[in-house]
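Let's take a walk through this protein together, going from the whole chain down to single residues. Please keep the sequence and the 3D view open as you read.

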Amino acid sequence: MIHRRQEGDVAVVTIDRPERRNAVDPELLSALARALRSAHRPVFIAGRGATRPSARAELTRLADRCGALLAVSAAAKGLFAGDPWYLDVSGGFATPLAAELIAAADLVVAWGSTLNMWTTRHGRLISPDATVVQVDRDPSALGVNRPVALGVAGAVTVGADAVDSGLTGWHADGWRTPGLAKRIAAEGRWRDVSYVDDGGPGRIDPRTLTIALDDALPVERTVAVDSGNFMGYPSMFLSVPDHHGFCFTQAFQSIGLGLAGALGAAVARPDRLTATPGPAQG
């Protein structure tokens with residue numbers, strides 16, 4: 001329901017969000033719980049819908065229970081920062097290790113992510129043998145970009161918490177082994193992946209430059225990325241402290257939005273340094 005009121009010269013509009021949008025069908029939750037019990041190599045991919053509000057606590061708790069690895073779409077980069085089982089971004093920006101592990105998953109659960117072509121490398125990243133489940137508060141988003149075995153309509157936080165509660169007393173390590181933990185720690189970031197430096201007289205390899213920036217910038221930062229061929233370097237090589245630290249305007253695919261996004265981010269979070277790597281603005 002839409003409510004309008006006047007406050008002086010300002011017209012204020014508020015929209016109620018019906019509680020039913022937060023409710024989740026218990027039968028669908030039970031089906032998701034059964035899928036998690038049966039999986040040996042589960043992966044969670046969280047999207048923008050898992051950041052508003054943040055579902056980090058609920059998703060990490062459920063992932064710890066079932067032994068799932070954690071990945072995000074580019075729009076949710078940083079959501080699981082610091083978690084030892086975090087693979088960072090799924091899709092075109094995925095590290096070789098992340099791509100290897102996501103492709104090997106026997107169960108992929110998308111939380112607030114529509115699994116678009118960027119997040120799945122045009123559908124090639126997820127194995128055709130994997131069971132795919134999608135949880136989204138918008139029913140029209142379920143299966144919109146690829147077929148899913150199970151679509152669960154409801155808030156991500158509510159759904160993850162309810163499934164975790166339903167699995168009380170059960171725990172599985174999944175594929176969380178000490179050996180895999182070491183691999184993620186050693187290979188989980190693009191800066192840890194070896195490359196041939198293409199720099200030379202009068203030029204610098206953008207990977208080398210971005211790694212140097214990552215070392216020079218304060219940890220508490222906001223990275224606002226513009227659009228263009230260069231955008232992969234900051235998206236892959238710059239770390240962020242949480243999902244609030246990555247301003248990703250690529251839904252518009254328009255060159256020049258990085259500066260505007262950076263200005264807004266700087267105003268919203270004056271406690272953090274805002275960086276906007278991108279083409280020259282003028």
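The paragraphs below begin with the overall chain, then turn to helix packing, and end with a few individual residues.

A word on the source before we start: what you see is a predicted model. The protein chain has eight helices and 11 strands. Of its 282 residues, 45% count as buried. If you take the contacts in the chain with a separation of 6 or more, 66% of them are between residues 24 or more positions apart.

Let's turn to a pair of helices. Two packed helices are described by the angle between their axes and the distance between the axes. For helix H2 (residues 56-66) and helix H4 (residues 156-166), the axes come within 9 Å and cross at roughly 30 degrees. Angles under 35 degrees count as roughly parallel, and H2 and H4 are therefore roughly parallel to each other. The crossing of H2 past H4 is left-handed. Which residues in H2 meet H4? They are Glu58, Leu59, Arg61, Leu62 and Arg65, and their partners in H4 are Val156, Thr157, Ala160, Asp161, Val163 and Asp164. Sorted by class, this contact of H2 with H4 holds five nonpolar, one polar and five charged residues.

Pro53 sits in the loop between strand E3 (42-46) and H2. The peptide bond leading from Arg52 to Pro53 is cis, with omega near 0 degrees.

Now move along to helix H6 (residues 206-216). Its buried residues are Thr210, Ile211 and Asp214. Looking down the axis of H6, you will find these buried residues within an arc of 100 degrees, so they line one face of the helix. What do the buried residues of H6 pack against? Their partners are strand E9 (221-225) and helix H7 (232-237). Asp215 and Ala216, on the other side of H6, are exposed.

Follow the chain out of H6 and you come to Glu220, in the loop between H6 and E9. Glu220 has a relative accessible area of 40% and is partly exposed. Leaving aside its neighbours within four places in sequence, Glu220 is in contact with Pro241, Arg272 and Leu273. Asp271 is 51 residues away from Glu220 along the chain, yet their C-alpha atoms are separated by 8.1 Å.

Asp88, in strand E5 (residues 86-89), has phi near 70 degrees, a positive value in a residue other than glycine. Is Asp88 buried or exposed? With a relative accessible area of 16%, Asp88 is buried. Arg121 is also a residue other than glycine with a positive phi, here near 55 degrees. You will find Arg121 in the loop between strand E6 (107-111) and strand E7 (131-136), and at 29% relative accessibility it counts as partly exposed.

Stay in the loop between E6 and E7, where Thr119 is found. Thr119 is buried, with a relative accessible area of 5%. Which residues is Thr119 in contact with, leaving aside its neighbours within four places in sequence? The list is Ile45, Ser73, Ser90, Gly91, Ser113 and Leu125.

Note on methods
Residues are numbered from 1 along each chain as its sequence is written. This is a predicted model: local features need pLDDT of at least 70, side-chain atom pairs count only at pLDDT 80 or more; totals for chains, interfaces and linings use all residues. Side-chain values use heavy atoms; hydrogens and water are left out. Axes are lines fitted to C-alpha atoms, for helices over the stretch in contact, and angles run from 0 to 180 degrees between N-to-C directions. Helices (H or I, at least four residues) and strands (E, at least two) are DSSP runs, numbered from the N terminus. Angles under 35 degrees count as roughly parallel, over 145 as roughly antiparallel, 65 to 115 as roughly perpendicular and the rest as oblique. A crossing is left-handed if the near helix is turned anticlockwise from the far one by less than a right angle, and right-handed if clockwise. Contact means heavy atoms within 4.5 Å. Ala, Val, Leu, Ile, Met, Phe, Trp, Tyr, Cys and Pro count as nonpolar, Asp, Glu, Lys and Arg as charged, and the others, Gly among them, as polar. Buried means under 20% relative accessible area, exposed over 50%, partly exposed in between (1.4 Å probe, protein chains only). The arc is that of the directions from the helix axis to the C-beta atoms.
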